[in-house]
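Here is a short briefing on strand pairing and aromatic contacts. Look over the model first, then read the points below.

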Amino acid sequence: MDFDFSDEQRLLKDSVDRLIADQYQFEQRKKYQAAQDGWSREVWQQYAELGLLGMPFQEQFGGFGGGAVETMIVMEAFGRGLVLEPYFATVILGGGLLRRLASVEQQQVLIPQIVQGKLKLAFAHVERQSRYDVADVATTARRDGSDWVLDGAKSVVLHGDCADRLLVTARVSGERRDRAGIGLFLVDPGAAGVSRRGYPTQDGLRAAEVALSGARVAAGDVIGQAGEALPVIEHVVDEAIAALCAEAVGTMQAMHETTLEYLKTRQQFGRPIGQFQVLQHRSVDMLVALEQARSMALFAAVMAADEDAVERRRSIAAAKVQIGRSGRHVGQEAIQLHGGIGMTMEYKVGHYFKRMTMIDKMFGDADVHLETLARLGGLFGNTKAAA
């Protein structure tokens, strides 16, 4: 399989890499994190100017028609920079749901606003009892005339505190864990009956708890057919996991490079500690884990758009397992090889490990996806991958 980038993809990579190098040095990141939003609105506008906010959308809506490989390029660079802006929440999750589920009329209104940096989205799907099951939905939606009325609560809504609109899953019919009967609704967080409480997450991003009490949603703000949203949601989640795998590779690469630099400069017994063979072996093990993760992130990007739900789920689960295992190994080694400095808030390697840990937990950790892989018959059941 040819993994060489096209000329356009190389140009995209160069542009994003330059942006991260210019705007996301560690000291700059700390300033963005200390701001009121917890991220930089100026950098967000630079994303819009570079076309990153429109990268996965069709040209007819102002986008650039990029696919999973373009997403991989951007997210890997964002992983190296520990980017704080709500790109994943707005473009990957929210934008993915609009691309795959919204009507043409809804796309014509909403997507150009995302591309211009004027609309930020958040996907509100997690509930306290649901863990990693997107089909476990207790929030209800009932008809009231032509409108819908939503009642329930959502937890850990990524960037839900700054979102201009929330994409909320709610049950139109059926029992709490039924796969049928789940709808997706575009909710104004400032509307009556909607409240949210924002807070920082362990990796420096932002999230929110959202409560819905008689929140009214107009018929025109139902995304897709009410009650039939779950298959599309699961596909978008798989694409989001592929994007997270790419971000994880960028994060691991930064940890590995930072550790190598430290081993070359830290002196012990009159020479750099990187000259000690046992530490060289450990740094090589880190590189092996990184390259294994990179290979599976590429595989996830290739399979993310597959319309065969079983094959796609199997492939994405395998990638998430490897990413989780590799990320834990690289992160732990980076902390240990740095010694005490690796545990401080002032030094960057610990922040990378925090982000890597959160990536592992999002949409199911390595153990959860290993169970999924076993249930689906393992990766070797993927005839497309074998071919």
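**Hairpins and aromatic pairs**

Arg 142 has Val 149 in E3 as its bridge partner. The model is predicted: local features need pLDDT of at least 70, side-chain atom pairs count only at pLDDT 80 or more, and totals for chains, interfaces and linings use all residues. Residues are numbered from 1 along each chain as its sequence is written, and side-chain values use heavy atoms, without hydrogens and water.

- Strands E2 (residues 140–144) and E3 (residues 147–158) pair in the antiparallel sense over 5 bridges.
- Strands are DSSP runs of E, at least two residues, numbered from the N terminus; two of them pair if DSSP finds at least two bridges between them.
- The hairpin has 2 residues between the strands, and Gly 145 takes a positive phi near 70°.

**Hairpin of E6 and E7**
- E6 (residues 194–200) runs antiparallel to E7 (residues 206–217), with 7 bridges.
- Pro 200 has Arg 206 in E7 as its bridge partner.
- Here 5 residues lie between the strands, and Gly 204 takes a positive phi near 90°.

**Aromatic rings**
- The structure holds 8 aromatic pairs.
- One is Tyr 24 with Tyr 32, edge-to-face at 5.1 Å centre to centre and 65° between the planes.
- Rings of Phe, Tyr and Trp (its six-membered ring) pair if their centres lie within 6.5 Å; planes under 30 degrees apart count as stacked, over 60 as edge-to-face and the rest as tilted.
- Tyr 24 is buried at 5% relative accessible area, and Tyr 32 is buried at 13%.
- Buried means under 20%, exposed over 50%, and partly exposed in between (1.4 Å probe, protein chains only).
- Trp 39, Trp 44, Tyr 47, Phe 78 and Tyr 87 form one aromatic cluster.

Terms used
Helix = DSSP H or I, 4+ residues; strand = E, 2+ residues; numbered from the N terminus.
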